[in-house]
Amino acid sequence: MRMTRKTKLFVASLLACAIGTSPAQAQVAHPAQWPAVTSGLRPDPAVEQQITAMLARMSLEEKIGQMIQADLSTIRPEDLRRYPLGSILAGGSTPPLDAPDRSPIGPWVGTARAFRAVAMEARPGHVPIPLIFGIDAVHGNNNVVGATLFPHNIALGAAHDPDLVRRIGQATAQETAAADIDWAFGPTLAVPQNDRWGRTYEGYSERPEIVRAYAGAMVEGLQGAPGADNRIQTGHVAASVKHFLGDGGTSDGIDQGNTQVPESELIAIHNAGYPNAIRAGAMTVMASFNSWNGQKMHGNRSLLTDVLKQRMGFTGFVVGDWNGHAQVPGCAKDDCPASFNAGLDMAMAPDGWKGLFDNTVREVRAGQIPMARVDDAVRRILRVKFRLGLFDPARPLADDARVMGSPEHRAIAREAVRKSLVLLKNDGVLPLRAKARVLVAGPAADDIGLQSGGWTLSWQGEGNTNADFPHAQSIYAGLAEAVQAAGGTATLSPDGRFTQKPDVAVVVFGETPYAEGVGDVKTLEFQSGDKQALALLKRLRAAGIPTVSVFLSGRPLWVNPELNQSDAFVAAWLPGSEGGGVADVLVGTADGKPRTDFHGTLSFSWPKTAGQFTLNQGKPGYDPLFPLGYGLTYAKGGRVGRLDEAPGLDAGAANTTLFLSRAAAPAPFRLSLAPGIAASKVDSATIQEGALRLAWAPGQGGAARVTGAPLNWMREVNAQMVMQVTYRVDQAPQGPVALELGAQGKTASVPLNGVIAPADGQWHTLRVPLSCFAARGLQVDKIDQVFGLAAHGGFAIALAEARLSGDPSGQVCPKD
């Protein structure tokens with residue numbers, strides 16, 4: 001059903017309120033206070049003449065088409081004949097056309113060529129203009145099976161090496177161009193100030209000077225030297241510096257939230273990287289979801305136009321983020337003149353592009369968007385396409401599988417791992433003797449997906465197996481290779497069990513993958529509640545085994561208990577595909593002397609308590625456990641005394657995404673069962689008594705419900721997240737079965753009959769989009785029943801887990 005203008009305004013206002021902003025008085029910047037910059041992407045007179053001639057030939061429809069970008073999941077090449085769009089993107093979990101979720105280079109190349117062929121057709125009334133194909137290549141071309149995965153930005157910040165970052169940019173560009181993709185949505189130039197933010201790992205540092213030093217280097221790596229032309233022909237792609245502006249400074253670290261800082265702080269901290277990126281010739285800038293003092297960035301003319309384009313001299317084009325324009329008050333995903341008038345040149349409209357195209361054409365004709373604004377936007381877009389070389393059909397790297405995961409690129413990634421490791425503690429156990437008997441334990445020891453984190457083959461980095469990484473090496477595999485080459489032994493035991501006592505144990509553990517939204521947390525305590533890693537460390541220490549912890553995380557976390565139980569502790573961040581880089585530093589010679597010393601030092605301060613969310617050097621109350629710049633080495637050494645194990649924060653409300661686990665509802669949620677439902681603990685696929693079995697007696701009806709304090713899931717619905725349930729059917733249902741969510745006493749039910757698996761004794765995963773419940777009338781900004789399973793008649797099911805997830809694979813939205 002098409003929304004009326006009044007309904008669109010209501011929805012936009014509701015969304016604005018949901019993310020902590022309001023359509024208040026416009027927050028106006030003062031351009032004279034901002035740095036004046038000369039762009040490295042200087043307009044070329046000959047190119048500008050070509051653009052002027054092309055603009056004169058283009059219809060209004062073709063101009064508006066250049067200003068809109070659709071997601072690959074919602075468009076086919078033939079659609080371009082009716083809607084001549086200027087750009088396609090593949091969102092974090094969007095596969096190539098007619099291909100599986102995780103695909104190698106071939107289907108990506110085929111997809112790009114299919115769209116490009118239609119865009120360049122000679123047909124009446126059409127000016128052939130090449131598409132620009134964008135993708136989130138944020139730590140390598142992380143969307144393509146076989147690509148090199150570099151450490152995430154938080155690790156690169158610890159390496160303090162701009163030249164390394166430049167070489168990573170070059171390698172990323174080559175692997176992106178090899179997949180026939182033109183545009184990498186990076187680098188992220190956020191300066192995270194609250195480590196609860198789920199995108200902290202996309203920032204290089206809490207300190208603006210580190211971000212400033214890296215910004216130009218990464219842009220030059222991706223794009224080539226400022227002033228160059230035909231870059232795609234030399235294996236370079238367009239960069240997109242993001243997110244302009246203040247994404248790392250939102251209140252409480254809430255993704256897409258409100259950055260409440262004075263203009264001076266917005267300039268000094270959050271704008272730190274942009275001048276150097278513009279000087280390096282950045283071709284695109286991505287507008288941020290967040291607000292600045294209540295005004296959405298996608299609608300802030302004073303920053304997008306007066307500051308960015310005029311004062312700071314940016315000559316490329318501004319692209320929006322995923323339906324970011326829809327969050328501007330008065331707008332919807334298919335209708336937003338305010339955002340274009342504010343300075344947005346290309347709207348990222350993944351699923352609303354048809355309506356946005358039609359409405360924008362109408363609004364230009366009605367004078368709501370000036371024609372001069374349209375021509376300026378299209379000129380900027382065409383300028384980038386010409387300078388990138390998209391009008392030249394030659395693409396020598398495209399479809400060159402030798403580039404993807406090449407030995408040269410993997411060597412750079414391994415170097416980055418070595419240089420980014422930070423030694424927090426070493427009581428003499430490191431380096432490991434290469435001839436030792438080494439036990440390699442922990443859930444992440446042999447899991448390349450876990451060591452790579454979010455934005456890895458899927459948006460949230462979920463659902464990956466080692467088989468999805470054909471050129472990669474796990475941390476265990478790297479350690480085993482180094483130890484066995486010297487005559488030692490390395491035994492993999494994820495749970496830490498052993499038959500022969502080892503000389504030393506290396507335990508690899510940390511955060512599970514996440515990306516934006518899902519990654520926001522309430523506390524910095526690692527594994528609050530069920531501390532599986534800590535239990536493993538204690539068991540090894542009780543057995544008298546020296547223990548080295550390799551900690552994987554996208555932010556500094558409070559790990560005092562784990563530090564106390566470790567003889568050495570290494571912050572490895574999210575190292576990516578080259579686990580051997582960890583062994584390069586941890587494993588010494590046969591007699592235990594170092595082969596490679598530690599190089600990394602903290603680019604984020606490490607918390608002393610779980611409540612030090614805003615722990616930034618130079619700010620009042622700065623009292624870290626390990627300060628910015630901390631990092632031990634073999635040469636200098638250093639020990640850490642016993643640490644206080646009181647977290648300093650009640651973590652009861654920390655969990656907002658996990659609703660059933662280990663046969664219970666984890667805090668702060670509560671499980672209730674209707675009369676007639678029998679509950680018992682059973683083994684899950686991996687954990688003894690790790691699942692909850694629910695049985696409805698014949699003729700009985702009712703629901704099992706998990707409830708808690710109201711939660712706002714507006715962002716989660718917009719981000720296309722799913723309710724994910726891991727289950728086993730023990731007795732086929734004799735009556736109706738439904739999955740429920742509820743708000744303020746009203747539930748929305750999705751029928752599961754015919755959807756759930758049969759009683760085959762196997763564990764399965766069900767994924768139902770939150771939008772499926774919203775379409776059934778759920779009030780998604782006040783969710784207090786976060787999970788429910790209702791049945792009538794004989795039925796038995798075992799539930800291992802229920803949680804929010806960003807994994808879209810296999811999702812279903814059953815019809816009533």
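The structure is a predicted model. Its largest nonpolar core holds 125 residues, and a second, separate core holds 124. An open parallel sheet is built from 8 strands, and strand 17 is largely enclosed by the rest of the structure.

**Nonpolar cores**

- Within the largest nonpolar core of 125 residues, the members that touch the most others are I64, L85, Y204, F244 and L303.
- The second core is separate and comprises 124 residues, including L421, L574, I783 and A802.

- At one end of the order, strand 1 (residues 68-71) pairs with strand 11 in the parallel sense through 2 bridges.
- In this pairing, I68 is placed opposite A347 of strand 11.

**Helix 2**

- Helix 2 (residues 45-57) has 13 residues, which at 1.5 Å a residue should span 18 Å; the C-alpha atoms at its ends are 19 Å apart, in agreement with that expectation.
- The buried residues of helix 2 include V47, E48, I51, M54 and L55.
- Viewed down the helix axis, the buried residues of helix 2 fall within an arc of 120°, so they line one face.
- These buried residues pack against helix 3 (60-66) and helix 13 (371-388).
- Exposed residues P45, Q49, A56 and R57 are carried on the face of helix 2 turned away from its buried side.
- The N-terminal end of helix 2 is capped by D44, with a side-chain oxygen 2.9 Å from the backbone nitrogen of A46.

- In strand 17 (residues 568-573), 6 of the 6 residues are buried, so the strand is largely enclosed by the rest of the structure.
- A568, V570 and A572 point one way from strand 17, whereas F569, A571 and W573 point the other way; all of them are buried.
- In a regular strand, side chains alternate between the two faces of the sheet.
- Strand 12 (residues 422-426) runs antiparallel to strand 17 and is joined to it by 4 bridges.
- Strand 16 (residues 547-552) pairs with strand 17 in the parallel sense over 5 bridges.
- V570 of strand 17 stands opposite L423 and also opposite V550.

**W183**

- W183 belongs to strand 4 (residues 183-184).
- The relative accessible area of W183 is 0%, so this residue counts as buried.
- The side chain of W183 makes a polar contact of 3.1 Å with the side chain of T284.
- W183 and L692 are 509 residues apart along the chain, and their C-alpha atoms are separated by 46 Å.

- Most peptide bonds are trans, and most residues other than glycine have a negative phi.
- A cis peptide bond leads from F244 to L245, with omega near 10°; L245 lies in the loop between strand 5 (238-244) and strand 6 (258-259).
- D98 is a residue other than glycine with a positive phi, near 55°; it occupies the loop between strand 2 (87-90) and helix 4 (105-119).
- With a relative accessible area of 70%, D98 passes the 50% cut-off and is therefore exposed.
- N323, also not a glycine, has a positive phi of about 55° and sits in the loop between strand 10 and helix 11 (337-342).
- The relative accessibility of N323 is 3%, so this residue counts as buried.

Key. Residues numbered from 1 in each chain as written. Predicted model: local features only at pLDDT ≥ 70, side-chain atom pairs only at ≥ 80, totals over all residues. Heavy atoms only, no water. Core = buried A, V, L, I, M, F, W, Y, C linked by side-chain atoms within 4.5 Å. Buried < 20%, exposed > 50% of the residue type's maximum accessible area, 1.4 Å probe, protein only. Pairing = 2+ DSSP bridges. Expected span 1.5 Å × (residues − 1). Arc of directions from axis to C-beta. Contact = heavy atoms within 4.5 Å. Polar contact = N/O pair within 3.5 Å; in protein donor to acceptor, adjacent residues only side chain to side chain.
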